[in-house]
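Try each one before you read the solution.

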Number of protein chains: 2
Amino acid sequence: MKLQVTDMEDLARGAAFLGTGGGGDPYIGRLLAQAAIGEFGMPEVVEPEDVPDDATVFTAAMLGAPTVLIEKAANGEDIDLALKRLSQRTGKTPDYIMPIEIGGLNSMIPILAAARAGLPLINADGMGRAFPEIQMVTFNVYGIEPCPAAIVDEHLNSAIIEANGAKQAEDLVRAVAIQMGLSTLVSVYPMTGKDVKAYGVHRTLTLALEIGRAIRTGRESGDPVASLLSYLRTTEYYNKCAVLFDGKITDIRRETTRGFAIGHCDVEALDGSGETMNILFQNEFLIAKKGDKTMTLVPDLICVVDRETAEPITTEGLKYGQRIKVIGVSAAAIMRTPESLDVFGPQAFGIDEPFTTIEDLNNL
Amino acid sequence: MKLQVTDMEDLARGAAFLGTGGGGDPYIGRLLAQAAIGEFGMPEVVEPEDVPDDATVFTAAMLGAPTVLIEKAANGEDIDLALKRLSQRTGKTPDYIMPIEIGGLNSMIPILAAARAGLPLINADGMGRAFPEIQMVTFNVYGIEPCPAAIVDEHLNSAIIEANGAKQAEDLVRAVAIQMGLSTLVSVYPMTGKDVKAYGVHRTLTLALEIGRAIRTGRESGDPVASLLSYLRTTEYYNKCAVLFDGKITDIRRETTRGFAIGHCDVEALDGSGETMNILFQNEFLIAKKGDKTMTLVPDLICVVDRETAEPITTEGLKYGQRIKVIGVSAAAIMRTPESLDVFGPQAFGIDEPFTTIEDLNNL
């Protein structure tokens, strides 16, 4: 894969879709990435299978509440410092930069990081979507430790966390992030090329870019949602997908609490049938129910888009009266294993319902 | 100065007195230090003037709320890990261990740390008393940075904090400490022998030991409070001192909040005069007022002791009906400079009254 500056808008839009409501608004991230590319050049994008087994791979991401992340932005120096602190602690220099999640802002931050560091970027991530907590990645599921974990704020205060276990790491990093004002840069899960090949969700930068392209070309041809769905059906991971609901938002509740944006929204059908959909979220959308019937469950993706333009809408962008389509999408196979479901299935979010695939729930 | 295992009880009692209500109960610390001395031998105690200028000095302390610290104890491995993490980050091996505060538990933890590490202990600290927050030490007042700062919990989770400024370090370390359960081991203010000589409060281990001795010998001769005061009057720092009040506790309010034990207590005179004293605390006693008249103000020391035995009473040990004497004691000169008062004078604790020395307040 080769990235161009002109791809950034499609990539950002595709990543916003895969953000499933979270991951922050990639608009600012796109501007920052474009500026960094202008100054430092576009990073080379490398396929996971071309990364040597013993290569050192560092990730880069923003961590906080999306409601706050959109108000503050990575200044670049904070990204550099996160990588530097992790280098100092591990005694290793990164050979590659990789996204830890592909959704939202965090598809763009690694481009910024790679451009600034003059390093290649790996076409993979740890979930093929976005998730709110550090332990919720395939790497943790398969035994890679998130620590040492570096966290840096915009004033360049920093911490290196070394916790026994991923949930403890999440708790400590979250406590620091809250104190830092919930807009931080992190570099977690320092790993090897071998780890990326074995446990990464591959080619997700390409997928985000192509999703963005499908929406754009769909707008030109008049039906962006149809264009998006027909592209998704050709992909390796996201091929089970459906429009779950077509309606307007009649209620939206959200609060920033415990370091997250938590809430729900209600949607009423536009066809006069009186049907309603309720969607719960913790940074990302977790469960979508039509009346009493569950239509899609985490880790499968629930994506809200504008019903005319297919523009992805993040949880903080939800507004009363918005006319939306709710799209359900299958997650990558590695995200649906019993081990993965233990870490980021419905129960991990307090939802008392076993995971069932979108294809089984909707006879796809 | 040479420390013996048989000195530990006097030292712990003297340190509890200098803890001015805070610093945690040194009883557990004494047991731990005795056990470490039994296993690893008594550390050599070195006077600050005998420490080479370029020596690397690490501190060791527990940080949290005293109400929690007494329930959990340093297991030794956590102390070792705090020193190790700081070594890794600074690239320096400590030549000496030093208390950061002499009050309470934190007079004992450095003995434990030095014994386990096989390093000499410096006869000095950063305040000659106890204080609740990291920035409240002479070293910070005179420009030594608290960071990198290592913090470790009993499960050996750890963090290295690097903040721009001591107050930011306090805020971040406190956030981590709260997440860790408010009973943590820290190593902060890595410094040189030259720093200790210039800005330390010297010979405070000796002073704590002698205070404990004066209380013990006073008990044997029948008037421990008198014995204590007559010893204090011979010292370099604590020579202005007085019994401020003799009474029984009629009200005590305390809560563990924002990572501290905060509250106040009211005392009623035993002589039937109807006079009352009110004492405010944030881990340590901050201000003692007889009626409307301020008798002693932080950073001068306010110490509460049992009126018969002169046993120091920590804020968490205060009980309704206790018969106590409140003793005011002058702080070291370096603690009363305008620069020091900016950092830990009354205003730093939200007290709207300028610092006045105990000698001026009481015509001593």
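Contact here means heavy atoms within 4.5 Å. One caveat before you start: this is a predicted model.

**Exercise 1.** Among contacts in chain A between residues at least 6 apart in sequence, work out what percentage join residues at least 24 apart.

Solution. Start by keeping the chain A contacts whose partners sit at least 6 apart in sequence. Then pick out the pairs at least 24 apart: they make up 74% of that set.

**Exercise 2.** Find out how the radius of gyration of chain A compares with the globule rule.

Solution. First, the inventory: chain A has 12 helices and 18 strands. Next, the globule rule gives 21 Å for 364 residues, and chain A comes out close to that at 19 Å, so it is as compact as a globular protein of that length. For the outline, the C-alpha atoms fill a box of roughly 60 × 40 × 35 Å along the principal axes. Last, burial: 64% of the 364 residues count as buried, taking under 20% relative accessible area as the cut-off.

**Exercise 3.** Determine which rotation superposes chain B on chain A.

Solution. Step two, name it: that is the relation of a two-fold axis. Step three, check the contact surface: 100% of the contact residues of chain B recur in chain A, which makes it the same surface for both copies. Step four, look along the axis: Ile160(B) comes closest of the chain B residues, with its C-alpha at 2.5 Å.

Technical notes:
Residues numbered from 1 in each chain as written. Chains lettered and ligands numbered in written order. Predicted model: local features only at pLDDT ≥ 70, side-chain atom pairs only at ≥ 80, totals over all residues. Heavy atoms only, no water. Least-squares fit on C-alpha atoms with pLDDT ≥ 70 in both. Helix = DSSP H or I, 4+ residues; strand = E, 2+ residues; numbered from the N terminus. Rg over C-alpha atoms; globule rule 2.2 N^0.38 Å. Buried < 20%, exposed > 50% of the residue type's maximum accessible area, 1.4 Å probe, protein only.
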